[in-house]
Amino acid sequence: MYRLTLGQKIFTRVVIALALIIVLVPLLWVFFLAFKRPEEVYQSTLFIFPKNFHFTLENFPGAIEFAEKHLDISYPRMYLNSIIVTTGGLILAVFAASFAAFAMVHYKFKSKEVYYTFILLSYMIPVQILLIPLYLVLLRLNLLNTYGALILPYATIGIPIATLILRNFFAQVPYEFTEAALIDGANSFQIYKNVYLPLARPALATCIVFLFLEMWNEFLFAFIFIRVEALQTLPLAMSRIGIGAKYPIPWAIYGASIVLAVGPIFIIFMIFQRWFVRGIIAGGIKG
Amino acid sequence: MRFRTNTVTLRKTEPYFWLSPSIILLLIFLMYPIIFSVALSFFNWKGYSLEIFADFIGFQNYVKLVKDPLYWLSFRNTIFLVITVIFVQNAIALFLALIIYFGNFKYGNLIRALIFFPGVISAIVIGLVFRKFLELTGPVNTFLKLIGLDALAIPWLTNRNLTIWIVSFVTVWQWVGYNLVIFYAGLQSIDHSLLEAAFIDGANLQRSIFKIVLPLLKPIIFLSAVLNFIGGFRVYDIIWAMTRGGPVHASEVLTTYMYYQSFQSQGPSNMGYAATIAVTLAIIVLVFAVIRIKFLTREE
């Protein structure tokens with residue numbers, strides 16, 4: 001590796017320090033906003049920290065109460081809704097995509113290239129073009145204002161990229177493994193289940209991380225297809241404390257609400273950091 | 001050869017059995033809606049009437065679009081945003097990736113993760129953060145006043161000329177870590193023998209980066225640009241959360257304008273026209289998607 005000169009060493013440290021300040025200051029400011037006394041939100045120490053470092057937890061019950069009173073939904077319910085639609089969409093997408101990826105690797109068939117191109121194009125289609133017709137389809141299927149209104153479209157949007165990631169991975173499975181299974185008399189389902197899936201665990205994990213981020217944070221579909229408060233996902237419910245909110249929200253409560261919405265994701269991210277990075281790389285490069 | 005030669009009968013249909021869950025979902029929730037939207041763009045349909053395909057108007061929606069100043073404003077803003085994420089965001093990301101990679105940072109992984117973290121948060125929440133952050137009495141203005149720049153302490157998000165800049169800045173802020181991670185992976189995958197040789201010969205770092213590293217990274221840079229191109233056209237949530245396309249449409253992009261024309265409460269509810277906007281958006285993105293596919297297949 002290259003040995004930096006003193007000047008380079010200083011330069012790189014200064015640049016990274018600046019970058020970290022720009023990235024972290026808004027987040028830290030909101031984080032500490034949640035711990036300030038409501039009457040002291042304008043009097044921060046060093047712009048970010050509570051005045052004289054007096055932390056308080058009173059804003060969290062306040063945020064929970066605000067949500068129940070003015071957003072008509074509780075935080076556990078928002079989480080539950082987000083967990084249900086994300087898990088549902090994920091399971092459906094990963095199953096369908098792993099089936100398709102298996103077919104594309106294990107068989108030789110005429111329209112394989114056509115399907116591949118179709119998948120590549122579907123991955124890039126802007127969802128706005130689906131919005132009006134999807135609304136009508138879901139209306140017809142009686143799915144509006146149900147979890148299904150999100151699970152089915154999320155799964156569909158997730159299938160193309162999941163298929164691409166898994167296909168790339170399946171293609172690296174040595175044919176000897178399949179051959180050995182065939183000699184043992186395995187049928188194709190057994191090959192899928194006992195050869196491909198166990199070997200593809202890392203690919204499945206990257207896939208799940210990538211799709212999880214997209215589905216967990218999805219807003220537009222939820223916004224159009226879910227109008228009942230009780231079924232709203234986190235981003236959707238949170239969007240109602242922003243512009244045009246029916247009730248003004250005190251700054252400290254605002255901060256606490258954001259911490260309640262992001263905190264768990266932050267913890268998950270820090271634990272599975274490596275997987276998140278891998279998921280993003282796989283989604284970007286292999287897509 | 002990966003197909004089965006020992007079992008010939010009935011196998012022709014077998015791959016389609018495996019593809020069927022995907023195909024069924026994609027047909028109902030993707031293909032059908034796309035065709036529907038294209039068809040709808042040739043009709044005048046107001047959301048509240050029951051007959052959808054009753055008033056066929058040919059290309060009139062497209063003609064209307066060409067003459068619609070709000071469409072062109074949205075188009076211009078979209079292009080502004082897309083150019084920003086392609087050039088500014090990628091340049092910053094590449095610069096930071098190089099610095100972290102060659103800087104021998106002890107906590108390189110942690111730095112990368114922290115810069116990437118905003119990409120994990122929903123854009124709606126990021127919007128909420130920056131709305132308060134930039135508010136008239138918010139910390140940015142407090143800071144500006146403290147250092148004597150009182151004139152700059154303005155209500156940022158209600159300034160017509162500034163909103164699109166601010167929205168673009170926040171988009172870059174949120175996603176720069178995403179490109180950084182991709183570039184970093186690219187740096188890790190380049191062949192080091194060339195670099196080592198250059199260093200042994202006494203080449204300096206800047207020169208080696210320009211002469212050796214950047215040329216090797218070209219495919220990744222191109223890929224990153226295309227990803228940002230497609231991502232830039234899709235931006236919706238952050239604008240919705242920060243400005244709703246306002247003030248008075250000043251920060252409207254194609255995606256928010258499409259929403260405004262269709263589902264916006266007390267909006268025009270021009271479903272046919274909104275479909276037309278979405279179709280033009282999809283065409284632009286798909287043209288570049290095809291370029292990307294060409295590029296990907298060339299790579300293979």
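In chain B of this predicted model, buried residues account for 43% of the 300 residues. The secondary structure of chain B comprises twelve helices and zero strands, so that the order of elements from the N terminus is α-α-α-α-α-α-α-α-α-α-α-α. The radius of gyration of chain B is 24 Å, whereas the globule rule gives 19 Å for 300 residues; the value is well over the rule, and chain B is therefore more spread out than a compact globule. The C-alpha trace of chain B spans about 80 × 75 × 30 Å along its principal axes. Of the contacts in chain B between residues at least 6 apart in sequence, 71% join residues at least 24 apart.

Chain A contains 13 helices and zero strands. Its elements follow the pattern α-α-α-α-α-α-α-α-α-α-α-α-α along the sequence. For the 287 residues of chain A the globule rule gives 19 Å, but the radius of gyration is 24 Å, well over that figure, so chain A is more spread out than a compact globule. The principal axes of the C-alpha trace of chain A give spans of about 75 × 65 × 35 Å. In chain A, 46% of the 287 residues count as buried. Among its contacts between residues at least 6 apart in sequence, 75% join residues at least 24 apart.

The domain assignment divides chain A into domain 1 (1-71 + 241-266) and domain 2 (74-233). The centres of domain 1 and domain 2 of chain A, taken over C-alpha atoms, are separated by 35 Å.

Tyr75(A) lies in helix α3 (residues 75-106) of chain A. When neighbours within four places in sequence are left aside, Tyr75(A) is in contact with Ile64(A), Ala67(A) and Leu260(A). Tyr75(A) and Leu260(A) are 185 residues apart in sequence, but their C-alpha atoms are 7.9 Å apart in space. Tyr75(A) counts as partly exposed because it has 18 C-beta neighbours inside 10 Å, while a buried residue requires 20 or more.

Helix α9 of chain A (residues 201-217) was examined for its length. At 1.5 Å a residue, its 17 residues should span 24 Å, and the end C-alpha atoms are 24 Å apart, which agrees. The buried residues of α9(A) are Ala203(A), Thr206(A), Cys207(A), Val209(A), Phe210(A), Leu211(A), Phe212(A), Leu213(A), Met215(A), Trp216(A) and Asn217(A).

The two chains are in contact through 79 residues from chain A and 81 residues from chain B. On the side of chain A that touches chain B, helix α1 (residues 6-33) of chain A gives the most, with twelve residues. By class, this side of chain A has 64 nonpolar, 14 polar and one charged residues.

The largest nonpolar core has 182 residues, and those with the most contacts inside it are Ala162(A), Leu166(A), Ala97(B), Val125(B) and Leu180(B). Helix α6 (residues 148-170) of chain A gives the most to this core, with 15 residues. At least three residues of the core come from each of domain 1 (1-71 + 241-266) and domain 2 (74-233) of chain A. In chain B, Ala97(B) touches Leu180(B), Phe183(B), Tyr184(B) and Leu187(B), residues up to four places away in sequence not being counted.

Several backbone features were found in the loops of chain B. Asn104(B) is located in the loop between α3 (69-102) and α4 (108-116) of chain B. Its phi is near 50°, a positive value in a residue other than glycine. Because 14 C-beta neighbours lie inside 10 Å, Asn104(B) counts as partly exposed.

The loop between α10 (237-242) and α11 (254-262) of chain B contains Pro247(B). The peptide bond from Gly246(B) to Pro247(B) is cis, with omega near -5°. Arg244(B) is also placed in the loop between α10 and α11 of chain B. Phi of Arg244(B) is near 55°, which is again a positive value in a residue other than glycine.

Note on methods
Residues numbered from 1 in each chain as written. Chains lettered and ligands numbered in written order. Predicted model: local features only at pLDDT ≥ 70, side-chain atom pairs only at ≥ 80, totals over all residues. Contact = placed C-beta atoms within 7 Å. Helix = DSSP H or I, 4+ residues; strand = E, 2+ residues; numbered from the N terminus. Nonpolar A, V, L, I, M, F, W, Y, C, P; charged D, E, K, R; others polar. Expected span 1.5 Å × (residues − 1). Buried ≥ 20, exposed ≤ 12 C-beta atoms within 10 Å, placed from the backbone. Domains from an automatic or database assignment. Rg over C-alpha atoms; globule rule 2.2 N^0.38 Å. Core = buried A, V, L, I, M, F, W, Y, C linked by C-beta atoms within 7 Å.
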